[in-house]
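Visitor: Could you take me through the sheet of this protein and what packs around it? I would like one careful, connected account.

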Amino acid sequence: MSKSGSRPKGGRKGGPKGGQYRAKKRLGQNFLADRGVIEDIVAGSGTGEDDLVIEIGPGMGALTEPAAKAARRLVAIELDSDLVPGLKARFALDSSVEIIEGDILETDLCALIEEQRAKDPGIDKVRVMGNLPYYITTPIIMKLLEDEVPAASITIMMQKEVAERIMAEPGGKDYGALSIACQYHCRVSEVCDAPAEAFRPQPKVDSKVLRLDLREEKAVSPKDEKLFFDVVKAGFSQRRKTLSNCLASLCADADNAKQAAAGMLEQAGIDPARRAETLTMEEFARLADTFAETR
Ligand code: SAM
């Protein structure tokens, strides 16, 4: 893992048109000002010269320009209508870069990727990249995973604590539904750290860049994927309670729900007194299959 985060280089004060720009806190605007971190993100993403980059929240384009140089094409989606004209002007002469004004959470990325491949059949892999707006980090990640966006990798900057939850193994307080969702769909690796000083304005938290490589085959093979995630969510719904308490909500017989949940757990070979944070993904899959068989 790189240590580039320890060498901030100072920020860009001007806005997209060269004037002063006041960052919008409500849109999570902390612009990258550390060339080392920017280079590490692009290099760490593994972007090849024939790849398509989808950038989430280009801001003033700090990551956009070097990512576009590394790639064949780049499409960037920015919500802030004050930033879009400057971005469009900056890349007006580069036909390989498209700036779209829009909300990433409302964007049909599968359709967008299909359109790009139709426009340019020479596109190889798709790389999603971004210094994410932290107020919607988890919804963005969950959308990318649940929509099964056909990308090879997702390389994203996020609050360090969220990165730790994504990477967490069973047994600790950070391990939860987000860890399982990410590790089920992806192999997760660290790219670099970024201290608050790497941004303008500086956030109150430190950050980390993770790369999520989408798996061709999921980490486990539950019979019913939706039910698997229902069991995971129910399991972590009350972290201090035992699994038989947490999973009662999934049992139809309301009067005996806790006993029914305990029975399912025993059938799956799992002690009903355990807590969700101690279960491996394989155990969750086995448990979900037990629920599936009895439905
Ligand atoms: N990539 C730039 C950089 O590193 O300097 C900006 C990163 S800043 C942390 C997050 C960017 O995401 C901002 O430009 C913000 O306006 C944009 N943004 C916020 N919410 C968004 C959304 N729902 N869809 C797309 N972009 C969004």
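Guide: A residue counts as buried when its relative accessible area is under 20%. In this predicted model, six of the seven residues of strand β6 (residues 153-159) are buried, so β6 is largely enclosed by the rest of the structure.

To see where β6 sits, follow the sheet across: seven strands form an open sheet in the order β4-β3-β2-β5-β6-β9-β7, and their pairing is mixed. At the edges stand β4 (97-101) and β7 (186-194), each with a single partner strand, so one side of each is left without a neighbour in the sheet. From one strand to the next, the twist averages 20°.

Strands of a sheet pair through backbone hydrogen bonds, either parallel or antiparallel. Strand β5 (residues 126-131) pairs with β6 in the parallel sense over five bridges, and here Val128 stands opposite Ile154 of β6. Strand β2 (residues 52-56) also runs parallel to β5 and is joined to it by five bridges, with Gly130 in β5 as the bridge partner of Ile56.

Helix α1 (residues 35-44) lies across β5, β6, β7 and β9 (207-214), and it runs at about 165° to β7. Helix α4 (residues 109-119) packs on the sheet as well, where it touches β2, β3 (73-78), β4 and β5, and its direction makes about 150° with that of β3.

Another enclosed element is helix α7 (residues 177-185): eight of its nine residues are buried, so α7 is largely enclosed by the rest of the structure. Among the buried residues of α7 are Leu178, Ile180, Cys182 and Tyr184. The buried residues of α7 pack against β7 and β9 of the sheet, and also against α5 (137-146), α6 (160-167), α8 and α11.

The last two of these helices also pack on one another. The axes of α8 (residues 225-235) and α11 (residues 281-293) come within 9 Å and cross at roughly 115°, which makes α8 roughly perpendicular to α11. Their crossing is right-handed. On the α8 side the contact is made by Leu227, Phe228, Val231 and Val232, while α11 brings Met281, Phe284, Ala285, Leu287, Ala288, Phe291 and Ala292. Sorted by class, this contact of α8 with α11 has eleven nonpolar residues, no polar ones and no charged ones.

Notes: Residues are numbered from 1 along each chain as its sequence is written. This is a predicted model: local features need pLDDT of at least 70, side-chain atom pairs count only at pLDDT 80 or more; totals for chains, interfaces and linings use all residues. Side-chain values use heavy atoms; hydrogens and water are left out. Axes are lines fitted to C-alpha atoms, for helices over the stretch in contact, and angles run from 0 to 180 degrees between N-to-C directions. Helices (H or I, at least four residues) and strands (E, at least two) are DSSP runs, numbered from the N terminus. Angles under 35 degrees count as roughly parallel, over 145 as roughly antiparallel, 65 to 115 as roughly perpendicular and the rest as oblique. A crossing is left-handed if the near helix is turned anticlockwise from the far one by less than a right angle, and right-handed if clockwise. Contact means heavy atoms within 4.5 Å. Ala, Val, Leu, Ile, Met, Phe, Trp, Tyr, Cys and Pro count as nonpolar, Asp, Glu, Lys and Arg as charged, and the others, Gly among them, as polar. Buried means under 20% relative accessible area, exposed over 50%, partly exposed in between (1.4 Å probe, protein chains only). Two strands pair if DSSP finds at least two bridges between them.
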